Amino acid sequence: MDWYMMNCELLATCSALGYLEGDVYHREPDCLESVKDLIRYLRHEDESRDVRQQLGAAQILQNDLLPILVQYPQEKVLFDAVIRLMVNLTQPALLCFGKVPADATSRHHFLQVLSYLQAYKEAFASEKVFVVLSEKLYNLLQLDWEQRQEEDTLLIERILLLVRNVLHVPPDPTEEQQGVDGDASVHDRVLWALHISGMDDLLKFLASAQVEQQWALHVLEIISLMFRDQSPEELAALGQGTAGAEHREDMQELETLRQRELAEKRTRARQRPSRHSRFGGSYVLQGVKSIGDRDVVFHKGLHNLKSYTHDLGKEPRRLPRRRQAAPEAEPSRRSARNVRLFLRHFCQDFLEGCYNRLMLLVKDQLVREKAQQHDETYYLWATAFFMAFNRLHGFRPELVSETVGVRAFHFIEQNLTTYYEMALMDKKEATTWAHRMHLALKAYQELLRTVQEMDRSPEQAVRDSSQVIKSNIFYLMEYRELFLTLFRKFDETKQPRSFLRDLVETAHLFLRMLERFCRGRANLVVQSKRVRRKKKKKPHVPEAPAPPSAAELEQLWEGLAPQVQACLEGEVPLPEDMVPFDAASETPVEEQRAEAVLRIQECLRDSRVPQALQLLRSAREVWPEGDVFGSADVGPPEETQLLREILVAPLPRNAPAEPEEPEEEEEEDEEEEEQTLQVSEKEFNFLDYLKRFACAPVVRALVLLLRGYARNSAHTNHCAARLLHRLARDLHMEPLLFQLSLFALFHRLLSDPAAAAHQELVTLAKFILGKFFALAATNKKAFVELLFWKSPAIVCEMTKGYGSLQEGEGTTRSRVPPWTPQEEQELRELYWKYKEVEGGDIIAAILAHLPTPGRTRKQVVKQLVRMGLASSAKDFPRERKGTRIVLWTQEQEEELTRLFEEFHGSDDVLGNIMKHLTARRSRARVVEKLLGLGLVAERKELYKKRRRKSHGPGPGQAATGVPAMPAQDSSGDDEDSEEEEEEDEDEAEEGRMEEHWVPQEGAGQDLAQRLHREGLAGPLRWLENCLRRAAGDREEDGVSHPVPLVPLTEENEDAMEDRRFRSLLRQLGLRPPASEQESFWRIPAALTPQQLRRAAASIAHRGPSGSPQEVSEPPGCPQDPAPEPLPAGLGSDSESEEPVPVPVPSPVQPRTKRRRELASEDEDEDGGSSGTRLAPPAPRSEEDEEEEEDPQPRGRRKRIRCVEEEEEED
């Protein structure tokens, strides 16, 4: 869209504002209404900010709004409306779009709006505009609170927001590149106009006035934007005779560059040969191998030999974006001198009259959460900037007393920790959190420098205050551990090098202050916090007691018979509050009869005869049908006989539910850790604290910073070198710095022509290299150790000899006690003793008979693997809880038979049985039991019946206006422990099968014929078709890839869960899911087309003569990319009527998850959709085939969509 072609309504509205003639603006009569219309248009703009872009392209603010503001300030209503419109037009682009857009179109709109904002800022660089704003703001502030109306307060806020918006506009990069330091940029011109108009004095008044506290955060934000490009060091040094110092620094930098250039020229001159030769010669570099076995032939002059590398001519590898270094902030630009002088005077006045009061108000609003989100960043910036200016410009601690103290340290440390934690959690905004963390770190650094400066104060009170502050921050553990945490979690892809630079400088300052603080004290006591992990036993679920024997029950009845007789004769009173059912239970009262019998039995076995008799009589009244609890006119003898039968009856009891516990790698499931924080005091040792920095993350960060030693300041290089020197010399850990990347840095430093400017780094490099070659003379493995980052334990082994660490020393110490030779011998004997015991857990038996107490299952398994008695820990699979095979009782079989007869005529027989079955069973177990009882002949009889509708609703609609509601999967939680045990056994057996195993000819033929006879003809035809199609594809393409077997019908899915069918797949050479990340069986890539065809022929159905029956080519293999459709009925099995290409799912989701997702669709009600799954094959008439208009049933589409969602979740 061409934004210069304005909307007709916008064009008419802008034309009604007025016109500019020379320097005089003539407004139209409808000017006020037009301004209000523009505000209304901006309120209803779209996501591309079209109205804002059209107004920016038409330059409405430059040509109309600013002239109206300057020439008609006395028109209060018009002035207010224009201010409102300009505040809206100048608001930051980030507020308009929420964030920097990622897509190209939105990003183009974002940059376009940003360019218009930069044009607005240039228009505001006018003294006339700021004079009008300053006068209006001055007049409003002159009003007392009694005279100030709500409109006046809103106008003050809008003027401050307008100034904030103008100063917030970022600079134009093209303009910044064209200018040089010292030239006046657009931002400088705006600041100068703000200064000439007196707006800076009004800001200082707002910051210091008692009655203007509500504008504290607005003023602080404007001040932070005023000093955005400034450095406190430059401002403090300005006007103190340091113009010559700046000149000397510039000359020194130029001299360094000149020396480097001259050194390079001399080097090139020495490399140039003495006489010219057009033929430089060819040389053989002995010891440098080329691509083959011969030495490299060098075709250039010998003076270029040092620059030879194998990487010559190669394209550099492109670094992925996620591994690129974080971008640095915009470099500071030196403003014009008059602007810097004005800002310097502003800083002085602000510190003397406003700083302490304003920071107190802002912190109070932050603590009380009256500010907006992330407003504390302005507080952190102001702390760092003005305290640095005060420290460098005649240090006066009373001017910054509000932000010097333990509370200030705590506030900054708390925010720094919060930003650090959020950077770890919020990965998408990690760069933003890192920027906020950098602000907090700079404030923390300036606090430390101010405290250090207080130590040098001539006043004793100031020095005493600094000692109190240092004793508090050195005592608490949080302040000491802060730098270690930041070093260990430093990420160069999220945090810029400037953050690392400030981190190293702050850590150096903290260590130096701590070292001096400890030097003057004999015993320094500090706080120590330790997380104590206390192991406690988990509460075990009590096991069900063993049922008493028949003799014990007879003996018990002999003791209960006199009590029963006494209760029947009325000698013992019966309780009256015995209710045989639970009214609050979700189980209906009619189905609580079995529980009532169990309660009676429990009362009898607990010798509570009156309660048992009363429960019997109450149950007879509640459930009179069937005379289960006796007839209505039953006598005492019959009741006695009933009680005796209930006592001795083997009633089924529900096992106590065990709490579900997540499986962990730790085998110590009988114990759990309880963490408690213990706070204590201990004597502080500086060297012990310094040893905490002797780790690879700290050294790696220091090396990363020193890679840019030529760009670093001298102070930064000194801090990094001093930290490395502390680790190497003070801790005697020189091998900690024996690292190849650091040595490459030393090589570049020592060969640098300008190395004289970095004398401290050169001295460190020579010291470390000397120590390395001295160690390499005795330890030949030192050269290999250069490739790895090292820990203190490895340093000790490199210097004292490998294996010299005693038990409990170094970082490799473990809490696990070592195994003695006697314990290893006992473990070996126990292993061979219980290895041949079938059906038992070897590790559990070993733990029970191991003489040494305290060993865990994991320790025993690791030791067995270490001793070579087992190949891996997978040889000892852990027995899952509840994997005992639960047999069907007679009552459960009768209940299953009753439920089958009750729901035999329903559409979903199996689903209804699963809903009403008392004992929890899996669908597979229920189906097998129904087949075993002879209630059904085939599995197909249990499939959900589907209705064919020729003119029903569409795929996404419900029938007859009923909303489509997916039914809940009643069997989602019915996975029995018996099934889990079988699956575990299958997976363990399948995991041992080699992928490149080739099946024998005729393998699986007998098993396939048995499966044909047992009703699995459909899945076998589907498998045969998949094998033949895979063979054809491999012959046609000439490339073999593993092909997954994706069952798309309930019949094929049930077959894939059948153990005999999976056994057939293994005999044919197919590969099961290799790990938890795969969901489907696969046809291995190692099988040739001939082997696949032989496997397909071996499972083909054979007629009475023994020859394979002619089977037409079925159309439904899910791996075919574009199969040819066949007429309905030709070789169609239960798979589908038409092939549908299914994408190969990504092996991410485990098998159980896919089975759950697909099972939840299997249980959809008929009213919810017109065919969620394909119906089982049945005789079809021609009319049915004509009515079936959709070539791809809904069930197939839903299953395909589920498989595609599995792939997308990857």
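## Overall composition

Buried residues account for 43% of the 1210 residues in the protein chain. The structure is a predicted model. The protein chain holds 49 helices and 8 strands.

The accessible surface of the protein chain amounts to about 66,600 Å², and carbon and sulfur atoms contribute 50% of that area. When contacts between residues at least 6 apart in sequence are considered, 74% of them join residues at least 24 apart.

## The nonpolar cores

The largest nonpolar core comprises 194 residues. Within this core, the residues with the most contacts are L55, L69, M86, M226, F227, F386 and F693. Helix α23, which covers residues 497-519, supplies the largest share of the core, with 12 residues. Another core, of 27 residues, lies apart from the largest one and includes A1008, V1043, I1083 and L1087.

Leaving aside residues up to four places away in sequence, F227 touches L235, L343, F346, C347, W381 and F385.

## A nonpolar patch on the surface

On the surface, L740, V784, L787 and F788 form a nonpolar patch, and together these residues have about 390 Å² of accessible area. One of them, L740, belongs to helix α31, which spans residues 740-750. L740 counts as partly exposed because its relative accessibility is 45%, a value between the 20% and 50% limits of that class.

## Residues with positive phi

Most residues other than glycine have a negative phi. Q59 is not a glycine, yet its phi is positive, at about 55°. Q59 is placed in the loop between α3 (50-57) and α4 (60-71). With a relative accessibility of 37%, Q59 counts as partly exposed.

E369 likewise has a positive phi, of about 60°, although it is not a glycine. The loop between α17 (355-367) and α18 (376-392) contains E369. Because its relative accessible area is 70%, E369 is exposed; the cut-off for that class is over 50%.

Technical notes. Residues numbered from 1 in each chain as written. Predicted model: local features only at pLDDT ≥ 70, side-chain atom pairs only at ≥ 80, totals over all residues. Heavy atoms only, no water. Helix = DSSP H or I, 4+ residues; strand = E, 2+ residues; numbered from the N terminus. Buried < 20%, exposed > 50% of the residue type's maximum accessible area, 1.4 Å probe, protein only. Contact = heavy atoms within 4.5 Å. Areas by Shrake-Rupley, 256 points an atom, 1.4 Å probe, with all protein chains shown as cover. Patch = residues over 30% accessible without salt bridge, like charges linked within 9 Å, V, L, I, M, F, W, Y side chains within 5 Å. Salt bridge = Lys/Arg side-chain N within 4 Å of Asp/Glu carboxyl O. Core = buried A, V, L, I, M, F, W, Y, C linked by side-chain atoms within 4.5 Å.
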